[in-house]
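Have a look at the structure first.

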Amino acid sequence: MKDLTQGSIPKHLISMALPMMVGMLIQTLYFLVDLYFVGKLGATALAGLSLAGNMMFLIFALTQILNVGTSALIAQLVGSKNKEDANSIFNQSMMIATLMGLLVCILGYFAAEHYLRLISKDEKTIQDALSYLYWFIPCMALQFPMLSLSAALRGTGIVKPTMVIQTISVIINIILSPILIEGWGIGVKMGIAGAGFASSISVVCAVVILTLYFNRYTYYLDIKFNLWTPSFQQISRILKIGLPSGGEFFILFCYMGLMYWLIKGFGPDAQAAFGLVSRIMQCLFLPAMALAFAAPAIAGQNFGAKNYPRVIETFKWTAVLTSTLMAILTVISLFEAEIFLEPFAESDNVLLIAVTFLQIISWNFVPSGLVFTCSGLFQSLGNTIPALLSTLSRLLLFIFPALWLSKQPDFALEQLWYLSMSTVCIQALISLLLLKKEFTKRLKDIEKVTHPSVQSNSD
């Protein structure tokens, strides 16, 4: 366990964010490796990978419920020195993770084709997406126990072991991808299916190693199957914090699905370009996201310890650091967008569409960093509903104008890109206003801690 209620907040943020960023980068390499090799199979294969990859946003929505709920609660309980309750929360989280993983396997194999046919009308693209998904579903299912274990560790202030294990997993994926996709050394080409199979094998290895590490080296929390009996009180605590955050990713899944549906008339090149930029943006956002993901553990422990001024200080430092990083990425994307995209696009038309999209959407990078920061602070305070409302506002601001634009005779892709960029800017403003309101609710407590003489004189 690491005590985050003392010491320099910027130092805590950076020391936690660096290994988390590396771990997240390693996680993203799963997708980049797939993009690189699948991109060589043609535009329809790349579009199929993009469509299938959108299913991961649904998985992110579900895993985020456990990820945020588990991490935030454990961080608060560690701060208040309540080990027994923290262990109960962790084991309930693992129980839910196991059940959700099984459910994903069942629904994935039975419902994937129906979903894909809703967002694409190109038969070759749909078949490529299915070929990938059928081998990738185990990878999606195993995200639940892996993230539950990682969230528990992060709540206690431990992040480096997860990074190391993810590194091993990605190395396995990098080795297996060309072997299974291209048939290197085995003479049998699986094509796009090989990309999904390689990812599933690598995640199996990660879960096994992470579980072994947790059982052997983690002393504050323990996997105890006798604590897996459903406790509705503990489950409701996890869901109260986690559901709104999961709802954020579900809304993002809906947004991505809507975008694929809106642009399907422009053909597989447009869908491939949109999916490519979306994945590249995930990689570009990693430094800012790592800082935002480190903030809940720091602010959460201080909130649990009733050290409220350090909670606000955590927000200020996180906002400054994420905004600075995002501003740098904006400048690079505006003038050198091709360097991020060329290695993954064999088609000149896909590259042209992707470059235009990235240059326009880069204007929302700084607002996105502020959204990440606010979301992290909402988690630490144990109230993630404002973050959900902020994300919902973005979807509502996008969906109706987008549907109207799609019915116009001069409908163009660029109109969707500009609309999407504008809605994120508005979302950032809404997030900041909601966080200010959340802090205001605790202003009296902050004043008591900062100026105890005021309280004593009033008495």
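## Salt bridges, voids and confidence

Arg117 counts as partly exposed, because its relative accessibility is 37%; partly exposed is the range between buried (under 20% relative accessible area) and exposed (over 50%), using a 1.4 Å probe and protein chains only. This is a predicted model, where local features need pLDDT of at least 70, side-chain atom pairs count only at pLDDT 80 or more, and totals for chains, interfaces and linings use all residues. Residues are numbered from 1 along each chain as its sequence is written, and side-chain values use heavy atoms, with hydrogens and water left out.

So which residues pair up with Arg117? One is Glu113, in a salt bridge at 3.1 Å, N to O. A salt bridge here is a side-chain nitrogen of Lys or Arg within 4 Å of a carboxyl oxygen of Asp or Glu. Both residues sit in helix α4, four residues apart, or about one turn of the helix; helices are DSSP runs (H or I, at least four residues), numbered from the N terminus. Glu113 is partly exposed, at 33%. Another partner is Glu123, whose closest N and O atoms with Arg117 are 2.9 Å apart, and Glu123 is partly exposed too, at 40%.

Asp128 and Lys124 make a salt bridge as well, with the closest N and O atoms 2.9 Å apart. They are four residues apart in helix α5 (residues 123-155), so about one helical turn separates them. Asp128 is buried at 10% relative accessibility, whereas Lys124 is partly exposed at 47%. Through shared partners, Glu113, Arg117 and Glu123 join into one network. A search of the whole structure turns up four salt bridges.

The void search runs on a 1 Å grid over the protein atoms alone: a cavity is a set of points where a 1.4 Å probe fits but cannot get out, a pocket is an open set with protein on both sides within 12 Å along at least five of seven lines, and lining residues have an atom within 4 Å of a point. Grid points are joined across faces, edges and corners, and a volume is the space filled by probe spheres set on the points.

| Void | Volume | Lining | Nearest its centre |
|---|---|---|---|
| Second largest cavity | about 90 Å³ | 13 residues | Gly53, Asn54, Phe57, Arg279, Gln282 |

For the pocket, α4 gives the most to the lining, with eight residues. That lining divides into 13 nonpolar, one polar and no charged residues, where nonpolar covers Ala, Val, Leu, Ile, Met, Phe, Trp, Tyr, Cys and Pro, charged covers Asp, Glu, Lys and Arg, and the others, Gly among them, are polar.

The structure holds four cavities of 30 Å³ or more. In the second largest cavity, the largest share of the lining comes from α9, with four residues, and the lining splits into six nonpolar, six polar and one charged.

Finally, confidence. The average pLDDT (the predictor's confidence in each residue, from 0 to 100) is 82, and 92% of the residues score at least 70. Helix α16 (residues 413-441) has the highest mean, 91, and helix α18 (residues 452-458) the lowest, 42. Over residues 449-459 pLDDT stays under 50, and the model has six contacts beyond four places in sequence for them, a contact being heavy atoms within 4.5 Å. Where pLDDT is low, predicted coordinates should not be read in detail.

Definitions and conventions:
Helices (H or I, at least four residues) and strands (E, at least two) are DSSP runs, numbered from the N terminus.
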